[in-house]
Amino acid sequence: MFFPLYSWIMKFFLLFINSEEIAALLVASLCYVVGCCYFYAWIAQEHGKETAKNALIFISVFPFSFFLGAMMPESTFFMVASACLYFIKKHHWKTATLMLGLTFTLFYNLPFELIGIRVSDCLLIILGIIRGM
């Protein structure tokens, strides 16, 4: 499963950077930094600045945190999920809904995979039906 939001952001960066590897690392790193900002702000509102600082340190040194800086879309999910939680806490419902929608673009084919059908198979079936008409 590949998350389209990550590739959309990466395609934007590829307009300015010729290397896919550098663009992918840059997108992952920037999404992680923005996600950390929202994560810190959300936790600071809930539990105070000291707890937010500790939570940010713990999430940054967690053994699997290397996924957040790698050429993988996990940092994009972290960014939009943290932003969604932050805006929910601030009662900015429209922005929170937008962030939630962006979170769902990360898993656009999840409902199909839950029942064992790939999105590509659905598209082939639809094309077959159209050709048969």
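1. A search of the whole structure, a predicted model, finds eight aromatic pairs. Rings of Phe, Tyr and Trp (its six-membered ring) pair if their centres lie within 6.5 Å, with planes under 30 degrees apart counted as stacked, over 60 as edge-to-face and the rest as tilted. One of the pairs joins Tyr38 and Tyr86, tilted at 50° between the planes and 5.5 Å centre to centre. Because Tyr38 belongs to helix H2 (residues 20-47) and Tyr86 to helix H4, this pair ties together parts 48 residues apart in sequence. Helices are DSSP runs (H or I, at least four residues), numbered from the N terminus.

2. Tyr38 also forms a tilted pair with Phe87, at 5.5 Å centre to centre and 55° between the planes. Tyr38 is partly exposed at 25% relative accessibility, whereas Phe87 is buried at 12%. Buried means under 20% relative accessible area, exposed over 50%, and partly exposed in between (1.4 Å probe, protein chains only).

3. Helix H4 covers residues 74-89. Its buried residues include Ser75, Phe78 and Cys84. Ser75 has 0% relative accessibility; leaving aside neighbours within four places in sequence, Ser75 is in contact (heavy atoms within 4.5 Å) with Ala28, Cys31, Tyr32 and Leu68.

4. The search finds zero disulfides (pairs of cysteine sulfur atoms within 2.5 Å) in the whole structure. For Cys37, the nearest cysteine sulfur, that of Cys36, is 7.1 Å away.

5. Residues are numbered from 1 along each chain as its sequence is written, and side-chain values use heavy atoms, leaving out hydrogens and water. Local features need pLDDT of at least 70 and side-chain atom pairs count only at pLDDT 80 or more, while totals for chains, interfaces and linings use all residues.

Note on methods. Helix = DSSP H or I, 4+ residues; strand = E, 2+ residues; numbered from the N terminus. Expected span 1.5 Å × (residues − 1).
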